[in-house]
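Hi,

Here is the structure I promised to send over.

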Amino acid sequence: MLSMESDSHRPAWKTLLAFAIIYFVWGSTFLAIRVGVREVPPLILAAMRFFTAGAVLYAWMIARGEPSPTAREWRSASLLGLVIFVFDYGLLFWAEQRVPSGVAAVMLATIPAFMALSEIIFLRTQRLTFRLAFALLIGIGGVAVLMAHSLNLGGAAIDKWGAGALIFASISWSLASVMTRKLTLPSSKVMSAGSQMLAGGALLTLAAATLGEFHNFHPSAVSRNVWLSLLYLIVAGSIIGYTAYVWLIHHESPTKVGTYAYVNPIVAVLVGYFLGGEGLSMRTIVGTLFILVSVVVITTMPAKKPAGMLLAETTPEGVGS
C-alpha cells in the first residue's frame, strides 16, 4: 500500500507509479472481465470480485482501528451497492459477453456526460451552456458511430443489447454520484468503498442466484487463465487500484487525477487489440475520438459548486472498472 507522506518528501516515482496504476491497470481490467465472462456467468464473476475486494478493504480498516459502519451507513452502502455494483458493474460484466472490451470501455466513458446531466437536472450545480451542449452532442455522436449499421467505416456495429446495457450502466453510475452526495457514509473513504463493495458483492450473489446463474456454473470446469483474470481484477483492479487512487487524490489536484477518465478507454482499446485479438476498425477509432473529446470538454469545465469525492470516481473499471 502507498503511504501518505508529506508532499515535500514524496519521491517522484511514487506519483508516477500511482498514475501508471490508475491509467494502465484500470484500463486493462476491461479485457480481464471479457476473459472471465467467457467461462463464468457475469454476475457470479462480479460478485466474487467485489465481495472479496470489499472484505479485504473492510478487514484492513478494522485492523487499523477504524470503526465499523453504523446501521444507517450500512443502509446507505447497500443502496449504493445496488446501484453501482448490481446495475452498473453487473451490466458491464453482462455486456462484455456481447461487446469487445475496448468498445465497452469507450461506451462507459460517456459517464461524465450523464453525470453532467445529473448535475443539471438533480443537483442544479451545473447549467446547460453552449459548451456543455456541444460536448454532449459530440458524445452522443460517438455512441451513434459505434452503433450505426449504415456507416461504412469498417467493422461491425456493436450489439444493440450490449450497447443498451452499457448506456444504462453509465446512467446508473451518474445517479449513484448524485446519491453519494446525499447519503450518510463512513468518513473513511476506504471503509466506505469496502462496505459498498461488500454489500454490492452480496447483492450480486443474490441477483445471480435469482437469475439461475449458479445452475450453469461449475468451478472445476473453469480454466486457470480465468481464475488468474479474476485474481487480477480483485488485487490489481480493486485493491491496489483503489489504494493508488486514494493516495493520488490526497497528493495531486482532482483535475490531474481525473485524466484517467480519458486515458482508460484508450488503454482498453489498445490492450484489447494487442492482447485480446479484438478488431480496431475505423468505426472504433472515430467513435472513440468523439467520446473522448466529449469527456475532455466536460471534465475540464469549472463547476459552480465544489463537489465531494465519489466512490464512482474510484474505478472505471470505471471508469475504474
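Which side chain meets arginine 34 in a salt bridge? The partner is glutamate 278, with N to O at 3.5 Å. A salt bridge here is a side-chain nitrogen of Lys or Arg within 4 Å of a carboxyl oxygen of Asp or Glu. Arginine 34 lies in helix α1 (residues 12-36) and glutamate 278 in the loop between α11 and α12, so the pair ties together parts that are 244 residues apart in sequence. Helices are DSSP runs (H or I, at least four residues), numbered from the N terminus.

Before going further, a word on how to read this: it is a predicted model, where local features need pLDDT of at least 70 and side-chain atom pairs count only at pLDDT 80 or more, while totals for chains, interfaces and linings use all residues. Residues are numbered from 1 along each chain as its sequence is written, and side-chain values use heavy atoms, with hydrogens and water left out.

**Salt bridges**

Back to that pair: arginine 34 is buried, with a relative accessible area of 18%, and glutamate 278 is buried too, at 10%. Buried means under 20% relative accessible area, exposed means over 50%, and partly exposed is in between (1.4 Å probe, protein chains only).

A search of the whole structure finds 3 salt bridges. Another one joins aspartate 159 to arginine 98, with the closest N and O atoms 3.4 Å apart. This pair also links distant parts of the chain, 61 residues apart: aspartate 159 is in the loop between α6 (130-147) and α7 (160-180), and arginine 98 is in the loop between α3 and α4 (101-108). Aspartate 159 is partly exposed at 26%, and arginine 98 is partly exposed at 40%.

Glutamate 252 and lysine 256 form a salt bridge as well, at 3.8 Å from N to O. In this pair glutamate 252 is buried, with 15% relative accessibility, whereas lysine 256 is partly exposed at 49%.

**A cavity that includes glutamate 278**

Glutamate 278 turns up again in the lining of the second largest cavity, together with Pro100, Gly102, Val103, Val269, Gly279 and Thr284. A cavity is a set of points on a 1 Å grid over the protein atoms alone where a 1.4 Å probe fits but cannot get out, and lining residues have an atom within 4 Å of a point. The space in this cavity is about 40 Å³, a volume being the space filled by probe spheres set on the grid points, which are joined across faces, edges and corners. Its lining divides into 3 nonpolar, 3 polar and 1 charged residues. In that count, Ala, Val, Leu, Ile, Met, Phe, Trp, Tyr, Cys and Pro are nonpolar, Asp, Glu, Lys and Arg are charged, and the others, Gly among them, are polar.

Which residues make the nonpolar surface patch of about 950 Å²? They are Ile266, Leu270, Tyr273, Phe274, Leu275, Leu280, Met282, Ile285, Leu289 and Phe290. Helices α11 (260-274) and α12 (282-299) are the elements that give two or more residues to the patch. Patch residues have over 30% relative accessible area and no salt bridge, and nonpolar side chains are joined within 5 Å (like charges within 9 Å). The areas come from the Shrake-Rupley method with a 1.4 Å probe. Phenylalanine 290, in helix α12, is partly exposed at 34%.

**Contacts across the sequence**

Leucine 92 sits in helix α3 (residues 71-95) and is buried at 0%. Its C-alpha is 7.1 Å from that of alanine 165, 73 residues apart along the chain.

Valine 226, in helix α9 (residues 224-251), is buried at 3%. Valine 226 and glutamate 39 are 187 residues apart in sequence, yet 7.3 Å apart from C-alpha to C-alpha.

Threonine 180 belongs to helix α7 and is buried at 12%.

Best wishes

Methods: On a 1 Å grid over the protein atoms alone, a cavity is a set of points where a 1.4 Å probe fits but cannot get out, and a pocket is an open set with protein on both sides within 12 Å along at least five of seven lines; lining residues have an atom within 4 Å of a point.
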